[in-house]
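Here are some worked exercises on side-chain contacts and strand pairing. Have your viewer ready, try each task, and then follow the solution step by step.

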Amino acid sequence: MNKFSLSPLLKSAFAHYFIKTIAIYFLIAGTFFISFAQQPAGFQDNIYDSGFEGANGIAFDDSGRAYIWEKGGKLYCRTLNGTKYILLDIGDEINNATDSGLKGFALHPNFLTNGYFYLLYDVDRYHLFNFGTPNYNPNANDYLNASIGRITRYTIDISNFNSIIPNSRLVILGKSPTDGFPLIHDTHNVGSLVFGTDGTLLASCGESSATNSDPGSDNTTYFQQALADSILKSDDPNTTSVNENENVGSWRAQMVNCLSGKVIRIDPLTGDGIPSNPFYDSTAPRSAKSRVWAMGLRNTFRMTLKPKTGSHSPSAGNPGTLYVGDVGSFRREEINVISSGGQNFGWPKFEGMEESTDAMVYYPFNRETEFSLPITHVRPIVDFRNSSARAYVQTQIREIGTTTPNAVPGIDFRGMCSIGGIFYEGINFPVEYKGRYFHGNFSNGDDPARSWLHSFTMDTNDELAESHSFLTNALGVTGMAVNPVNDYLYYVSYGGSVREVKYDTGNQPPIAKATQDVKYGISPLTVQFDGSLSIDPENGILTYSWNFGDGSAISTNVNPTHIFTTPNPNPTRYDVTLTVTDDQNQSTNVTLIVSVNNTPPIINSTTVDHMNVYVNTRDTTVALQADVTDIETPTAQLAFKWETNLHHDTHFHPNPIDTHQNSSFTMSPLPCDDEIYYYNVKLTVTDELGLSTVKTKNIIPDCGQIYVDTEMPSIPTNLQLVNVSTSKISFSWTASTDNVGVAVYEIFMNDVKIAESSNTNFTAKSLQPSTFYLFKVTAKDAAGNVSPQSVGLGVSSADLPTTDQAIYGDALGTDWQNFSTITSLNIANSSPQYINTRSIKVTNPKAGEALILSYSGFPIDTTGYKNGIDFWVYNEASISYPLQFQAFSTNSGSGGSILGVSAEAHKWTHFLFDWETLGNLKQVGKILIRLNQTQNESIYFDEIKLVHCADMVSVQSGNWNDSTTWSCGRLPISTDIITISAGHKVSVLNGVTATLRILQLLGTCDVQTGGIFNLKNY
């Protein structure tokens, strides 16, 4: 039995953290075990193949060939008849230490015709810096050091699918140390490769940081070597940018200019970013930000594309919906859904549904300006660990399978290593399994409850509808795939074997498949047959029986050769039947045709040969006629079959088959949008002996003309709340479809039409707080055809605010982000302090610089924030300092009035601007404080906020230090105008100071010993 020695670094890891922090693969090398997986009745979980050393994943091509790869760099191909061979071995290039290795594999969508396949792996540092040099040694390695992750493409020889075309290797990403995924640790590295619906290539990579809290410079990582090699970028002394230094540990997941902790989307031919990516830079298509698709991920080992999602056009920026397994740290495991570009999943600030409180969220090396900002967190659809599994459904966190209110139905589960999964769209499983998402959790088997492969029913919003147990004690799941030939589910178990899961309540008959190298020719005709593609679902021994249809002896060979001889020169047909029998004596057969002294028909031309487009303004009727000849058969004895199918993206809508020699069909107008539409005309001509010839033609609609439209659009669906405030409600919906295109959407509120929108979102404004509203939407096309109303979306507007909205206090308020243009900025300063221990410090301000704070979500409704914006400034200089203040309606929109103010010398100055002074803004998305004078001393800012309640016009009897006394729940301050109502009495208690601007005393004010009553009447 092989032994594996842990490095001192890994030995120090927490024991309960063993699987994920050391390596998913540690336990697989040379390990033998017996799995007693349990599954629902009727399912079988059997060995498909074994004997691997660190098997890491499996994929199938459309012909049913399996591709199984080991983390050490070997790629196997396994044919349907069980033959297995090594297709490729790049072991000298692979970093095979602990959690590193060959991770991802993907077949090009056109693999069977172009032979392209792609690999994603961790590169051995020795290979990275020495390959191609005279002294390169393929047996040497340098595993435990800084390196990169790489994507390469190879081309298989499609004439046999058992060899690689020489010199076909092409590096797509990672051509140099500065071009790959930065790897500075032996875990959290590269993960999956997936092709999008649009043909773009998506790849995942973890943040490659230390397994403990890592703000950068962790001595268990290889950060120093990575900086020296420029694998990690360091600060450029010629720039003031704080976004350059990548030595920030886990926080690389939040750097758009770094590939760590990301899912990227690239051109599979060049490795360049796609122009429709969210951060694409046309001047630098190979830059990290040009390639980034999603961010804020910790360890995305496996991801899969949800079927029937995405656009076929890369320019649409919609490769499809990705389901991602993200391995957690100490708190929660995640199943994430990436539905659009630019989404941020929050790591390391968030783990699971909530913000992390671990030391990992501490800011790296005084870079709070970059990383203290609240991240717009896309919550996982499911999180789990040691307590109840949870789902995020309809903006609520709900437990799974418990008795708590609103719990998601199904089974609860535990786990500590979220791997990833696939969707099942096959027909072998019972119908209720079709469309389910299967997800695996990796475990070494010590706790069978954590060694599982579950299935999940998802709704149309990609939210969990029900959780189902599937395979328990499914040890070490590291990859899954479905074979398109038999629709069985396969998973890699613990690195040593591949398992096959099928539904079969009894022995199933074998599947007979037969091929022939020639179909016709002159007698004597030699034909090579092959039955090796036949399979037995139970992997039993098959026997073969060939009946050649000419009276000769039966052959029991799997691939016999037979000579057909006719007694005369007349065309003769032989039906060749292969019967395949399994070891349970169940049989199936398949028949081939051999036509001797015969040739197939010739289709010389058809009436649609030169018809590339048709007029798309009306129904177009096309004649179907063909000029056909056959050497042996009169035309009248030929069989004609016309198929005229409308193709839409990846499916088609069939018309009835027409068997007339001469006929016609009608093409209807089609939409001119991003979808793919065309008519396919297919003619099959067959002679009397069964030989056929096929000719096809695609005809596309001409989208340059307009026609009369009488078809209404489909009903808008999936109305979803986007944002709600006291006076506004924003919502969105799924776009309707139309034969031409939707022109506008009509918006109804409480069954009254209030607006039209050309987008699939709308914001209703000027609403009343705490009021219920019912919204519905209809779709209308350019011809005026209107769909029925959608299902209603009922929403209550928010209550009026009860507290101030902090923009900046001791830390940035919720969703506010700093976009300062100041040279030196510190948001953790402690001297001088105003509130608690922090204020914003601006060092050596220069004239024209500005502190800019922007709200990352929807702008804040000013309703209820009655007195405007309030803030404090401390000026270290000996003279007053001039400032300009301006508020903006959105984070990128127009601003209100520009206000000039002055900060007094050597003191905290308080400013309060009301809404009228600010320009009567109805909402606030950004504020700007501009510095108008260069000075050597520092400026401090603190307690920037929207003031909820500063109009304290009435008070009940009580004490000023009692928050229940005042309508705003706080003590009066120097800007307050206070009225003590007649008959009421308030007290200033011992040690309490009440300071106000104007007092209208209709009742009684009682100042106790030690209390202070300070009236600033100015």
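**Exercise 1. An aromatic pair and its cluster**

Task: Decide whether Phe-429 is buried or exposed, and find which geometry its pair with Tyr-433 has.

Solution. Keep in mind that this is a predicted model.

Step 1. Phe-429 has a relative accessible area of 3%. The cut-off for buried is under 20%, so Phe-429 is buried.

Step 2. Tyr-433 has a relative accessible area of 8% and is buried as well.

Step 3. The ring centres of Phe-429 and Tyr-433 are 5.9 Å apart, and the planes make an angle of 80 degrees. Planes over 60 degrees apart count as edge-to-face, and that is the class of the pair Phe-429 and Tyr-433.

Step 4. Now widen the view. Phe-429 and Tyr-433 belong to one aromatic cluster, together with Phe-43, Tyr-424, Phe-438, Phe-470 and Tyr-503.

**Exercise 2. Aromatic rings across the sequence**

Task: How many aromatic pairs are there, and which parts of the chain does the pair of Phe-384 and Phe-413 tie together?

Solution. 

Step 1. The count for the model is 52 aromatic pairs.

Step 2. In one of them, Phe-384 and Phe-413 have ring centres 5.3 Å apart and planes at 65 degrees, so this pair is edge-to-face.

Step 3. Phe-384 is in strand 21 (residues 382-384), while Phe-413 is in the loop between strand 23 (396-399) and strand 24 (418-423), so the pair links parts that are 29 residues apart in sequence.

Step 4. Check the surroundings. Phe-384 is buried at 0% relative accessibility, and Phe-413 is buried with a relative accessible area of 4%.

**Exercise 3. A lysine over two rings**

Task: Over which rings does Lys-84 lie?

Solution. 

Step 1. The charged end of Lys-84 sits over the ring of Phe-52, at 4.2 Å from its centre.

Step 2. Lys-84 also lies over the face of Tyr-76, 5.5 Å from the ring centre.

**Exercise 4. Salt bridges**

Task: How many salt bridges does the whole structure hold, and what does the one between Asp-122 and Lys-103 tie together?

Solution. 

Step 1. A search of the whole structure gives 32 salt bridges.

Step 2. Asp-122 and Lys-103 form one through their side chains, at 3.3 Å from N to O. Asp-122 belongs to strand 7 (residues 116-122) and Lys-103 to strand 6 (residues 102-107), so the contact joins parts 19 residues apart in sequence.

Step 3. Asp-122 is buried, with a relative accessible area of 0%, and Lys-103 is buried, with 1%.

Step 4. Turn to Asp-179 and Arg-291, whose side chains meet in a salt bridge of 3.2 Å, N to O. Asp-179 is in the loop between strand 9 (170-173) and strand 10 (181-183) and Arg-291 is in helix 6 (residues 288-291), so this bridge ties together parts 112 residues apart in sequence. Asp-179 counts as buried at 12% relative accessibility, and Arg-291 counts as buried at 1%.

Step 5. Look for shared partners. Salt bridges join Asp-179, Asp-272, Arg-286 and Arg-291 into one network.

Step 6. Finish with Asp-383 and Arg-390, whose salt bridge has an N to O distance of 2.6 Å. Asp-383 and Arg-390 are both buried.

**Exercise 5. Strand 29 and its partners**

Task: Which residues of strand 29 lie on each side, and how does strand 29 pair with strand 28 and strand 30?

Solution. 

Step 1. In a regular strand, side chains alternate between the two faces of the sheet.

Step 2. Here Leu-489, Tyr-491 and Ser-493 are on one side and Tyr-490 and Val-492 on the other, and all are buried, leaving both faces covered.

Step 3. Strand 28 (residues 477-482) pairs antiparallel with strand 29 over 5 bridges, and Val-482 stands opposite Leu-489. Their hairpin has 6 residues between the strands, and Asp-487 takes a positive phi near 60 degrees there.

Step 4. Strand 29 also pairs antiparallel with strand 30 (residues 497-503), over 5 bridges. In this pairing Val-492 stands opposite Val-498.

Note on methods: Residues are numbered from 1 along each chain as its sequence is written. This is a predicted model: local features need pLDDT of at least 70, side-chain atom pairs count only at pLDDT 80 or more; totals for chains, interfaces and linings use all residues. Side-chain values use heavy atoms; hydrogens and water are left out. Rings of Phe, Tyr and Trp (its six-membered ring) pair if their centres lie within 6.5 Å; planes under 30 degrees apart count as stacked, over 60 as edge-to-face and the rest as tilted. Helices (H or I, at least four residues) and strands (E, at least two) are DSSP runs, numbered from the N terminus. Buried means under 20% relative accessible area, exposed over 50%, partly exposed in between (1.4 Å probe, protein chains only). A charge sits over a ring if NZ of Lys or CZ of Arg is within 6 Å of the ring centre and within 35 degrees of the ring normal. Two strands pair if DSSP finds at least two bridges between them. A salt bridge is a side-chain nitrogen of Lys or Arg within 4 Å of a carboxyl oxygen of Asp or Glu.
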